[in-house]
Amino acid sequence: MTDSISRETIDNEDIDPDFVDTIVKAGADRIRTCIQCGTCSSVCPSGRRTAFRTRELIRKALLGLKDEVLSSSDLWLCATCYTCLERCPRQIKVTDAIIIMRNIAVDQGFMLPEHKKASKKLLSTGHAVPIDDANREMRKDLGLEEFPPTTHSNKKALEQVQEIMKRTGFKDLIEGQQKEGD
Amino acid sequence: MPNRFPNLEASIRAVLPKLGIQLEDIDGASCCPAPGVIRSFDEPTWLALASRNLALAEMSGHDLITGCNGCYGTFKEALAEIHEHPDRLKEVQKVFKGMGLKYDGKVEAKHIIEVIAELGPDFIRKKVTRPIRGVKVGVHYGCHLLKPSKNRPWKQTQRHTFLDELVEATGAESTKYKDSTMCCGAGGGVRGSQIVVSVDIAKEKLDNLIEAGVDCIVNVCSFCHLQYETSQAQLNKELGEKKYQIPVIYYTQLLGLAMGLNPTELGLDRHVVNTQPLLDKILG
């Protein structure tokens with residue numbers, strides 16, 4: 001029988017049965033209980049204006065479509081508002097699951113250029129958003145210290161923060177990304 | 001906040017001591033780090049850096065307080081993680097080895113508005129010397145102040161009123177508007193990487209606020225603050241008209257005005273969206 005409906009076929013080789021285990025182990029332990037009700041999609045502020053569907057993402061994760069999930073820029077449309085996590089009738093930590101998948105994506109080399117930039121700033125200054133000249137001026141005008149009492153004005157603290165990022169592998173992760181990206 | 005909004009910081013430093021809260025800076029703190037981005041990239045790094053900031057507070061013997069929902073989210077979630085999974089605390093302690101950082105996760109992290117809410121609206125009302133009359137406020141709580149609700153101190157999980165009550169304690173009117181608890185659209189790395197979507201979310205909220213006829217937005221988060229301030233300028237630029245001109249102010253700026261402090265000392269002359277129409281209404 002033929003009809004005009006195009007049916008998407010999922011190939012066996014696209015399925016990674018271990019993917020969902022990794023997500024469960026990393027903390028989204030109830031993800032397998034998903035009933036595809038769509039509450040997550042219906043409350044999502046990003047989904048209101050884009051093709052991003054949280055339900056679809058969860059379904060693909062459950063199917064083990066690892067590469068498709070990790071390479072999709074949709075993964076980065078979640079604003080982490082936690083509304084889906086609050087409303088899920090199965091109490092799945094949906095937002096946590098998304099964050100876990102993002103971690104796996106970054107580990108596999110999928111990172112947006114703007115996000116690499118913010119990470120590099122964190123590595124070099126201890127702040128993902130370092131101070132700039134205009135705000136230094138504003139601080140002085142308002143009678144505040146020109147540099148806040150953070151890693152911006154404490155070299156030892158900055159070195160400690162950098163050492164932590166070295167020990168957790170963040171330095172290698174981002175600099176590795178940089179090499180691949182550049 | 002100190003790097004992006006020194007004006008809000010100035011209002012916090014001016015107002016809190018007048019409520020009997022003494023602030024002590026954590027020397028050498030770093031980025032919290034940001035829950036939407038750094039936690040999304042490498043969770044163990046996020047946990048270790050958040051724990052370092054918490055450790056600095058713990059070693060000083062004080063609670064940690066923050067004026068930003070993003071930082072608040074990071075600290076509350078990092079504490080919940082090590083309390084629920086003691087092996088994660090051990091993992092962090094291992095990273096800290098030989099660094100002179102003592103950390104057992106026994107410190108409390110609070111939001112400035114949480115501390116003010118503990119004092120209560122009646123307490124605030126007594127501090128008001130110049131009631132804010134005839135001003136309609138659109139209150140924006142922000143997501144990470146309230147959610148995930150199981151790791152937050154509020155009595156309810158939704159339909160919160162504590163911030164509305166604190167706003168009304170200044171004499172202003174908290175105005176109902178459509179989807180008031182919806183996200184501002186900035187978090188999760190969305191503003192950083194997908195600006196069109198991010199600003200469109202803010203636009204929906206701004207349109208609802210305009211519809212409700214508010215005189216200003218009151219928020220308690222540096223990232224929501226940034227989102228409302230800069231998105232309005234961007235939307236006006238795209239439109240070629242000045243439709244979006246709602247002053248965006250931080251709670252301690254509103255409270256400071258109600259306590260008779262002058263607008264300059266509260267950093268109110270340092271906003272992207274002009275606050276003068278609001279100030280004219282309040283100061284007459």
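Which residues does Lys110(B) touch, not counting residues up to four places away in sequence? They are Asp63(B), Leu64(B), Ile65(B), Thr66(B), Tyr72(B), Val115(B) and Glu118(B), where contact means heavy atoms within 4.5 Å.

This is a predicted model, in which local features need pLDDT of at least 70, side-chain atom pairs count only at pLDDT 80 or more, and totals for chains, interfaces and linings use all residues. Residues are numbered from 1 along each chain as its sequence is written, chains are lettered from A and ligands numbered from 1 in the order in which they are written, and side-chain values use heavy atoms, with hydrogens and water left out.

Lys110(B) sits in strand S2 of chain B, residues 109–111. Helices (H or I, at least four residues) and strands (E, at least two) are DSSP runs, numbered from the N terminus. Lys110(B) counts as buried because its relative accessibility is 13%; buried means under 20% relative accessible area, exposed over 50%, and partly exposed in between (1.4 Å probe, protein chains only). The side chain of Lys110(B) makes a polar contact of 3.2 Å with that of Glu118(B). Such a contact is a pair of N or O atoms within 3.5 Å; within protein, one must be able to donate a hydrogen and the other to accept it, and residues adjacent in sequence count only if both atoms are side-chain atoms.

Helix H1 of chain B (residues 6–15) is largely enclosed by the rest of the structure, because 9 of its 10 residues are buried. Among them are Leu8(B), Ile12(B) and Val15(B). The cover over the buried residues of H1(B) includes helix H8 (133–141) of chain A, and from chain B helix H6 (112–119), helix H12 (222–239), strand S6 (248–250) and helix H13 (251–258).

With 9% relative accessibility, Ser30(B) counts as buried. Its contacts, leaving out residues up to four places away in sequence, are Gly126(A), His127(A), Thr151(A) and Val161(A) in chain A, and Arg52(B) and Asn53(B) in chain B.

Gly134(B), in the loop between helix H7 (121–127) and strand S3 (136–140), is exposed, with a relative accessible area of 59%. Beyond its neighbours within four places in sequence, Gly134(B) is in contact with Asp215(B) and Lys281(B). Leu239(B), in helix H12 of chain B, is partly exposed at 43% relative accessible area.

Chain A is assigned domain 1 (12–107) and domain 2 (113–181), with bounds that come from an automatic or database domain assignment. The C-alpha centres of these domains of chain A lie 30 Å apart.

The whole structure holds 2 cavities of 30 Å³ or more. A cavity is a set of points on a 1 Å grid over the protein atoms alone where a 1.4 Å probe fits but cannot get out, and lining residues have an atom within 4 Å of a point. The largest cavity has a volume of about 110 Å³. Its lining has 14 residues, of which Cys34(A), Cys37(A), Cys40(A), Cys88(A) and Ile92(A) are the closest to its centre. The second largest cavity has a volume of about 90 Å³. Of the 14 residues that line the second largest cavity, Cys44(A), Pro45(A), Cys78(A), Cys81(A) and Cys84(A) are the closest to its centre. Grid points are joined across faces, edges and corners, and a volume is the space filled by probe spheres set on the points.

Conventions. On a 1 Å grid over the protein atoms alone, a cavity is a set of points where a 1.4 Å probe fits but cannot get out, and a pocket is an open set with protein on both sides within 12 Å along at least five of seven lines; lining residues have an atom within 4 Å of a point.
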